[in-house]
Amino acid sequence: MQQFLLRRFILTILTLLIVSMIVFAMARAAGDPRTLMLGDLHTQEQYDRLGEKLGLDKPYYQQYWVFLSGLLRGDFGNSIRERRPARELIQERFLATLELGVAAFLFSLAVGVPLGVLSAAKRGSVLDGIGKIVALIGQSAPGFWLGIMMIFFFAVNLKWVPASGREEWNSIFLPAITLGWFFMAANMRLVRSAMLDALDSEYIKLARAKGVSSTSVIWKHGLRNAVIPPLTFAGVSLGNMVAGSITTEMVFAWPGLGLLAIQSTLKADYPVLQGVVIIFTLLYIAVALLVDILYACLDPRIRYA
């Protein structure tokens, strides 16, 4: 077990190092922030002085070392546009993104798992057909289109919830459903497939022969033995939902890290952009590592993979 954890830890460190290099290179390739800050009418002296202030006059390897050293201290530098520490901007938006990701995760489990179980239990029925249609739409419909449709029907026509923002308590419903819909459909398909295998097994047939009720057979014996694949996907999907909320936050003007990343890209505010990407990477890797550890505890064979 210790060797398994050590390998995973080393892979995590290497992944973070590679991501930091890619983020650093892409941020520099996005454009020179000095041009955007000074505009077209500036002197060479102003250009050089601003570059010296921002550290852009140093060679790239020195800039990367400063960037990497700052990451180890939790310092992402100062926002070029806001003239504030990038860490403060990220902290202000982090809670909104985490709130949205967790809400979407809970929605995907609360709807996807029961639908998958019922669809497997009623195989070939109308309910099973409806479940297949929901899964197909959930995994094929683009997130931005689904969000716009949600706004049109539930916010504009029915006026049940706000169309955007985070001011009201029910503002989270539409973005959470939009973000979690794909993962709800995936959970439903995984649970249905695992339940079908479980319900066709010999121990289920034996339980039915002993007179165990259908409810107990499905929800106690069947689901218990079919839960590992969905559980693994659920853990990974949490990281995906937190880190992959950019499109949803744009559609609903949700003031989270995804929207901050887009704004920073448009403004060439690379210290903030680098910080957001690193935070997203940390969240995703942390969740994936936790899932690996839990899976290794549930199935010792995984430790030798």
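Reader: Phenylalanine 152: buried, partly exposed or exposed?
Author: Phenylalanine 152 counts as partly exposed, at 41% relative accessibility. Buried means under 20% relative accessible area, exposed over 50%, and partly exposed in between (1.4 Å probe, protein chains only). This is a predicted model, where local features need pLDDT of at least 70, side-chain atom pairs count only at pLDDT 80 or more, and totals for chains, interfaces and linings use all residues. Residues are numbered from 1 along each chain as its sequence is written, and side-chain values use heavy atoms, with hydrogens and water left out.

Reader: And phenylalanine 153?
Author: Phenylalanine 153 has a relative accessible area of 44%, so partly exposed.

Reader: How many aromatic pairs are there?
Author: The structure has eight. Rings of Phe, Tyr and Trp (its six-membered ring) pair if their centres lie within 6.5 Å; planes under 30 degrees apart count as stacked, over 60 as edge-to-face and the rest as tilted.

Reader: What kind of pair do tyrosine 64 and phenylalanine 67 make?
Author: A tilted one, because the planes stand at 50°, with the ring centres 6.3 Å apart. Both tyrosine 64 and phenylalanine 67 are buried.

Reader: What about phenylalanine 152 with phenylalanine 153?
Author: Those ring centres are 5.2 Å apart and the planes are at 80°, so that pair is edge-to-face.

Reader: Back to tyrosine 64 and phenylalanine 67. Where do they sit?
Author: In helix H4 (residues 60–72), three residues apart, so about one helical turn separates them. Helices (H or I, at least four residues) and strands (E, at least two) are DSSP runs, numbered from the N terminus.

Reader: Which residues form a cluster through ring pairs?
Author: Phe24, Tyr64 and Phe67.

Reader: New topic. How do H9 and H10 cross?
Author: The axes of H9 (residues 202–209) and H10 (residues 214–225) come within 11 Å and cross at roughly 160°. Axes are lines fitted to C-alpha atoms, for helices over the stretch in contact, and angles run from 0 to 180 degrees between N-to-C directions.

Reader: Which residues make the contact?
Author: H9 brings Tyr203, Ile204, Ala207 and Arg208, while H10 brings Ser214, Val217, His221, Gly222 and Asn225. Contact means heavy atoms within 4.5 Å.

Reader: Where is serine 237?
Author: Serine 237 is in helix H11 (residues 228–243). Serine 237 counts as buried, at 1% relative accessibility.

Reader: What does serine 237 touch?
Author: Phe105 and Phe183, not counting residues up to four places away in sequence.

Reader: And alanine 103, where is that?
Author: Alanine 103 is in helix H5 (residues 86–121). At 22% relative accessibility, alanine 103 is partly exposed. Leaving aside neighbours within four places in sequence, alanine 103 is in contact with Ile172 and Ala176.

Reader: What is the phi of lysine 159?
Author: Near 60°, a positive value in a residue other than glycine. Most residues other than glycine have a negative phi. Lysine 159 is in the loop between helix H7 (143–157) and helix H8 (173–199), and counts as exposed at 64% relative accessibility.

Reader: And the phi of alanine 253?
Author: Positive, near 50°. Alanine 253 is in the loop between helix H12 (246–251) and helix H13 (257–266). With a relative accessible area of 38%, alanine 253 is partly exposed.
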